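The stops below are meant to be selected in order.

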Amino acid sequence: MMVAIGWLVVLASVIGGFTLAGGHLIILFQPIEYLIIFGAAGAALVAGNSPKTLKATLGGFGTAFKGSRYGKKLNMETLGLLYAIFTRARKEGLMAIEEDIDDPDNSELFQSAPTVMKDHHTVEFITDYLRLMVSSTLDVHQIDNLMDLDIDTHHEEADLPRSSIAKMGEALPAFGIVAAVLGVVHTLESVHLPPSELGKLIAAALVGTFLGILAAYAFINPVANNLEHKINDSTKYQQSIKAALIAFMNGYPPQVAVEFGRKVLYASDRPGFAELEDYLKQSK
């Protein structure tokens, strides 16, 4: 949503400023320049990425237009779910949560967190490590290390579309220069035309540079930045879950374990201590 708003403001500022200065919008409509710049950028994107990354990159544009799913509400619900799981495991033993781990879709505990259940990556992340805690011989340090590797892999994979979009943004000004140079070449081979016609050709060539820079800094790079923030939010969310799970494996009571998870969150997305305490009491 914020991306769309930003794009509209950019267009209003740039086009509005150009018009107010006496410029004619028609001169900015140069289909050949658009073809050279965006065709070359799209082709370079295809040439430099695997089909899997290309698909993820296209999905990245869609993700950038959506609002962030990570916020206080999701964090509160996630910590509440972990607290409920820890409480049952502590009261009834680890084997009591085995059925919940194996079938979260039919688990009363997991169904109490509908927002969390919408993200199968998060559900798998929680159930996989609870399963290791219940049935494996790994100690807490080994699981801690495995979780770090898992989070790093998730971060790197999520960063692939952002990286591709950022590189496209870096390339667009250069393709704008390519379009401008080709326009100048065309102008030089047309010196027999009257000055008024040559002026239009030069203006069209300069529009290429303008388009490349504008597309990069006003449209593509903000998308990459937006995705970077969402990836960081996702990583911080997983680190919060990890902190709570590791604290519980180290023997801390459920209330204290979720406090470990709460403290890892960014301050802007973190529920207050009393706020979380009230939420946990209400969810009992």
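Start by selecting helix H3 (residues 51-65) together with H10: the two pack at an angle of about 75°, with their axes 9 Å apart. Helices here are DSSP runs of H or I, at least four residues, numbered from the N terminus; axes are lines fitted to C-alpha atoms over the stretch in contact, and angles run from 0 to 180 degrees between N-to-C directions. H3 is therefore roughly perpendicular to H10, a label for angles of 65 to 115 degrees.

This is a predicted model, in which local features need pLDDT of at least 70 and side-chain atom pairs count only at pLDDT 80 or more, while totals for chains, interfaces and linings use all residues. Residues are numbered from 1 along each chain as its sequence is written, and side-chain values use heavy atoms, with hydrogens and water left out.

Next, show side chains at the crossing. H3 contributes Gly60, Phe61, Thr63 and Ala64, and H10 contributes Ile220, Val223, Asn226, Leu227 and Lys230; contact means heavy atoms within 4.5 Å.

Now select Val258. Beyond its neighbours within four places in sequence, Val258 is in contact with Leu79, Leu82, Tyr83, Phe86, Ala244, Leu276 and Leu280.

Finish at Pro253, in the loop between H10 and H11. Is Pro253 buried, partly exposed or exposed? Pro253 is partly exposed, with a relative accessible area of 34%; buried means under 20%, exposed over 50%, and partly exposed in between (1.4 Å probe, protein chains only).

How values were computed
Angles under 35 degrees count as roughly parallel, over 145 as roughly antiparallel, 65 to 115 as roughly perpendicular and the rest as oblique.
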